[in-house]
Protein chains: 2
Amino acid sequence: MNSAVANRVLTPLPFTAVKIEDIFWAPRIATNRERTLQIEYEQCRDTGRLDAFRLQWKPGQQPVPHIFWDSDVAKWVETASYTLATHPNPVLDQLLDGIIAQIAAAQQPDGYLNTHFTQVEPEKRWTNLRDWHELYCAGHLIEAAIAHYQATGKRSLLDVLCRYADYIATVFGRGEGQKRGYPGHEEIELALVKLYHVTQEEKYLLLAQYFIDERGQQPYYYDQEALARGEDPATFFQKTYSYMQADRPVRELSEVAGHAVRAMYLYSGMADMAGETGDIELMSACNRLWDDLNQHKLYLTGGLGPSRHNEGFTFNYDLPNETAYAETCAAVGLIFWAQRMLQFRCDGRYADVMEKALYNGALAGVSLDGERFFYENPLASLGSHHRQPWFDCACCPPNIARLLASLGGYVYSYNENEIAVHLYVQGNGQFQIHGQPVTLHQATEYPWDGKVSLTIESPTAVDMTLKLRIPGWCQMAKAYVNGRVVDMQGAVQSGYLSLQRTWQPNDKVELTLDMSVQRIYARPDVRADAGKVALQRGPILYCIEEADNPISLTYLRLPKEGKFSIRFERGLLGGVVTLRAEGQAALIEDWGKQLYRTQPSTPRPYRFTAVPYYAWDNREPGQMTVWIQEA
Amino acid sequence: MNSAVANRVLTPLPFTAVKIEDIFWAPRIATNRERTLQIEYEQCRDTGRLDAFRLQWKPGQQPVPHIFWDSDVAKWVETASYTLATHPNPVLDQLLDGIIAQIAAAQQPDGYLNTHFTQVEPEKRWTNLRDWHELYCAGHLIEAAIAHYQATGKRSLLDVLCRYADYIATVFGRGEGQKRGYPGHEEIELALVKLYHVTQEEKYLLLAQYFIDERGQQPYYYDQEALARGEDPATFFQKTYSYMQADRPVRELSEVAGHAVRAMYLYSGMADMAGETGDIELMSACNRLWDDLNQHKLYLTGGLGPSRHNEGFTFNYDLPNETAYAETCAAVGLIFWAQRMLQFRCDGRYADVMEKALYNGALAGVSLDGERFFYENPLASLGSHHRQPWFDCACCPPNIARLLASLGGYVYSYNENEIAVHLYVQGNGQFQIHGQPVTLHQATEYPWDGKVSLTIESPTAVDMTLKLRIPGWCQMAKAYVNGRVVDMQGAVQSGYLSLQRTWQPNDKVELTLDMSVQRIYARPDVRADAGKVALQRGPILYCIEEADNPISLTYLRLPKEGKFSIRFERGLLGGVVTLRAEGQAALIEDWGKQLYRTQPSTPRPYRFTAVPYYAWDNREPGQMTVWIQEA
């Protein structure tokens, strides 16, 4: 089952062909479009990020255009373009045109485009790929250009970025006089594969392939580059090139390591490249890395990268809760990677992770009102960790925004005779199967309810396989086709129920996914979770917040037995299902002033309430925990 | 009970009047004298610390005499002097004379004595009391001089330090032209009180009083001093003067805060000063700080200061185990402070803490062979934390050495008609009671056995009260005087059994302290210890080491019920009592490759062994934990 295949069997249905009309995502996507997009524009404007493209900066002026800045504007343009694609808006269209004109005007005669290095340190262009972010920014600008072109049909930004990519291809490569460098922060690889698809220009694919293949080769480019700067390579602040997955050639990687966002972007790019070239070695590396992440290094939230020190990975089973770094961008990057893996093998293990990160680790990154953002996503808090309106290094806010604006693209995949449903979201997807239009409608109150009703709309009958994901968290699923029960035995493989038939217009599938509350335990190697339990219902991971449980959360204990009462509360946190149960709280009164004693704490009954993890820190500040001590 | 008293009711019996002839401490003190002292001398010599006093350093030379260095040599001289006092040794005496001559020769004509500032940055003398350590080094040199004088009767170093102290008194004070400064790292306060006692020169007491009273007054001296250096005080790397207990006048302190060693040295100095001046306010502050530490911030080991960031305190109940900083010096400093508090009120709460820190948090600081040292003393380790032969900042090795060399001084206190026994250590103490010699003999195998036999040796009968500590950990104590049982009801107050009578020569007291294994629980506010239990027997805290328990220690669970088998193992770790019990270990085999699942781990029986915490990391490297998950 785990042997590498490097051929894609599915293609994601673009978000432009997907309508989301549900109670969960539709309001979030609207908030993202109406509020978050506006706020992030204002931040880019007010912090000088937009003005930086005017190239008016003079030495001594504050603020100094930063090496990250272009990427923030790029992700905003990408997000704005996605919303334009689903919600035409002439004002936004015009605003984008103006910004793009500014970006275009900042391009240098040779094609180079970077507001920091053009203005602040022109002599340092391409001199420190290891620490600076030129190719990273270029990658985000390419993604933005593609999004804008696809949304509007305008080539205004796309042409600029093609010129930049063409220039980059002259600078980097194995030819004479070229630099054998590759990005310190990966991103451009996946962007170049996208650019190849949009332009059909193979040179972009070859450039991506060069960056992927050259990465980690010896002698290390970063060593030579440091020496050329007159620096001792040993002074590199992170000590090891595994920080950026460049300690060895990527085909040899077998352990997820280093900066988590960089890792996710690289692995996504590797999967892209494997899909283009059929490169089994690359895909094998992706599979090894996937297994390593999932078996040793992934938080229950779908968050990843526990350490602030390297914004990334440490060692197996090291998953501290309070100090979890778990950057929002890393969870977003994991969604990118999972979605790519899913096209090679329609396997629930990829979709399960994609769903987990989406509903939990990534979604927690933005407040319910769309105005504040987490950079770090701990699984426990003493009450002082809160979302912020923006960050100096502002990668996360526009990353979650571009994900939400294009969320429809993660729901379905298809090929000439299959439709695969990865996520259950009310609305529809519009496919072409055997050359004829097929619309698949979903009606569901997912993630709060496990009933999903799917209807086929097509002008005539169509032979095809409908693959419905049976989530890994689901212990009992039932399905009916036109009211007739489906024998699930044998029909479910790798987490998908395959329904192959000649579908008639208005054929209906009813799927019921049991959504009992589940107690989740961590492998005993995870020392941070020893003796603890977490609660999950459907795809939603729960947490305990002080707002609902006004005691110190360290007092709480959940007995091993006991039922949960489940209630949808429309007025709470934008509408959530809460879990309530009879637990225990340590009696504190009989401790007096003692710090230690020979008697264990006396338990008293305490009825507690759990709310979805993604919704935490949207009320008064207080403690939070995902993992609860089990009595 | 808690109202402040600022009169000492007891005086410690000097270590020179105490013989330690037991199976626990005597071999350790011998190792300290024979091995540690030698090693630390070699380190001081080989690292250039001794040579620094030659004042031969030239710009550009490596190593550069460091601002801490003098204190390391001083603590070595202090330790060597203590050993000389108990074990005359002409070679060592001569070596000391040579070193002292060198130190004396380094003194400047005005009395100043500091190898760093005299050679490296003479223009910066006294310009940064906040960050540098001139007065700290001076304090340690004063302690060394006193120890040397008391051991040998020679004034060679004492005179040098008196001159230095005299000079310091001209520099600092409230007089015209004087600096209103005080040390960034406290230490000189307690040293000056000692110097006052030895010399009977009140000026030293007044200087100590000045340093204590001036501390934390506004406007802040450190602000003014920074401005004088042309620096913005806001750039202070620790942000707050509570780092060095100087954010407010010391009389107003009520929360233990900042750098733990600095705090302990200051509080010790405050207690000293209160004892000299009868200053109730100072003593009240000491009492408040004592309560705060013991109720909120003390590890079960007697270690303190959880954070590496400030080498000190954070917030109440924040006692992480794996990342505990718990510097060895802080535990040593707590022993100093506790011993001082004990002289004001013969109360077991002070002696209990003193004993706890001594047998656990401080003693762990040195390896069984006396050759390696911990700076940090975590309560759990994944196997990578080990004692080191030395440190660039080498405060801990000579601190534990000087404590062990003078350990006898912590065993007894006395006044004209009382003898108080704080620690049970086989050997004897020689007192003068009502002007006549009284020798109190102890025979015991403490800390491995709770039976203590005390015999009075005196030429004639003596009226006095013998106060025997009934440790806080002891749930049942029995005492017999000359074979007749003592009615403990009412005779035990504040943790001491008072036996008032006319003692005849050879009167014998037998004390039996129950040493059942105790399960210790932390207050539920201590989130790091939730659901966990620790094991203690007598004063000895236990830990689980991988060396005895070759599985991952996170798998272990201790059932709530169950007996311990206790065995003294002569050949193990220098001779220790081990605890063994039937516990459980999580079965790992049925987890396969899963990181999370909905079934809790399956327990299997696992018989585990616990060893004393102080003895950990003396065998092959491995995991360690003090707190064990309770099943």
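In which loop of chain B is the place of B:Pro219?

A: Happy to take a look with you. Keep in mind that this is a predicted model. B:Pro219 sits in the loop of chain B that runs between helix H8 (202–214) and helix H9 (221–228). As background, most residues other than glycine have a negative phi, and most peptide bonds are trans.

The peptide bond from A:Gln62 to A:Pro63 is cis, with omega near -5 degrees, and A:Pro63 belongs to the loop between helix H1 (25–46) and H2 of chain A. The other detail concerns phi: A:Lys239 has a value near 70 degrees, which is positive although the residue is not glycine. A:Lys239 lies in the loop of chain A between helix H9 (221–228) and helix H10 (260–277).

Helix H2 (residues 69–86) and helix H3 (residues 90–105) of chain A have axes 11 Å apart, at an angle of about 150 degrees. With angles over 145 degrees counted as roughly antiparallel, H2(A) and H3(A) are therefore roughly antiparallel to each other. Their crossing is left-handed. On the H2(A) side the contact includes A:Val73, A:Trp76 and A:Val77, and on the H3(A) side it includes A:Leu92, A:Asp93 and A:Leu95. By type, the residues of this contact are 10 nonpolar, two polar and one charged.

Back in chain B, helix H3 (residues 90–105) packs with helix H5 (residues 134–152): their axes come within 13 Å and cross at roughly 140 degrees. H3(B) and H5(B) are therefore oblique to each other, and their crossing is left-handed. B:Asp93, B:Leu96, B:Asp97, B:Ile100 and B:Ile103 of H3(B) meet B:Leu141, B:His148 and B:Thr152 of H5(B). Here the residues divide into four nonpolar, two polar and two charged.

Another pair in chain B is helix H1 (residues 25–46) with helix H14 (residues 396–405), packed at an angle of about 140 degrees with axes 9 Å apart. That angle makes H1(B) oblique to H14(B), and the crossing is left-handed. H1(B) brings B:Trp25, B:Ile29, B:Asn32, B:Thr36 and B:Glu40, while H14(B) brings B:Pro397, B:Pro398, B:Ala401, B:Leu404 and B:Ala405. Seven of these contact residues are nonpolar, two are polar and one is charged.

Finally, let us see how the chains sit together. Chain B is superposed on chain A by a rotation of 180 degrees with 0.0 Å of shift along its axis, at an RMSD of 0.0 Å. The two copies are thus related as by a two-fold rotation axis. The same surface serves both copies, with 100% of the contact residues of chain B recurring in chain A. Within chain B, B:Gly531 comes closest to the rotation axis, its C-alpha being at 3.5 Å. The contact takes 45 residues from chain B and 45 residues from chain A. Together the chains bury about 3600 Å², of which 56% is on carbon and sulfur atoms. B:Arg523, B:Leu595 and B:Tyr596 supply 21% of the area that chain B buries against chain A, more than any other three residues.

Technical notes: Residues numbered from 1 in each chain as written. Chains lettered and ligands numbered in written order. Predicted model: local features only at pLDDT ≥ 70, side-chain atom pairs only at ≥ 80, totals over all residues. Heavy atoms only, no water. Least-squares fit on C-alpha atoms with pLDDT ≥ 70 in both. Contact = heavy atoms within 4.5 Å. Axes fitted to C-alpha atoms, helices over the stretch in contact; angles between N-to-C directions. Helix = DSSP H or I, 4+ residues; strand = E, 2+ residues; numbered from the N terminus. Parallel < 35°, antiparallel > 145°, perpendicular 65-115°, else oblique. Left-handed = near helix turned anticlockwise from the far one by under 90°. Nonpolar A, V, L, I, M, F, W, Y, C, P; charged D, E, K, R; others polar. Buried area = accessible area lost by both parts, 1.4 Å probe.
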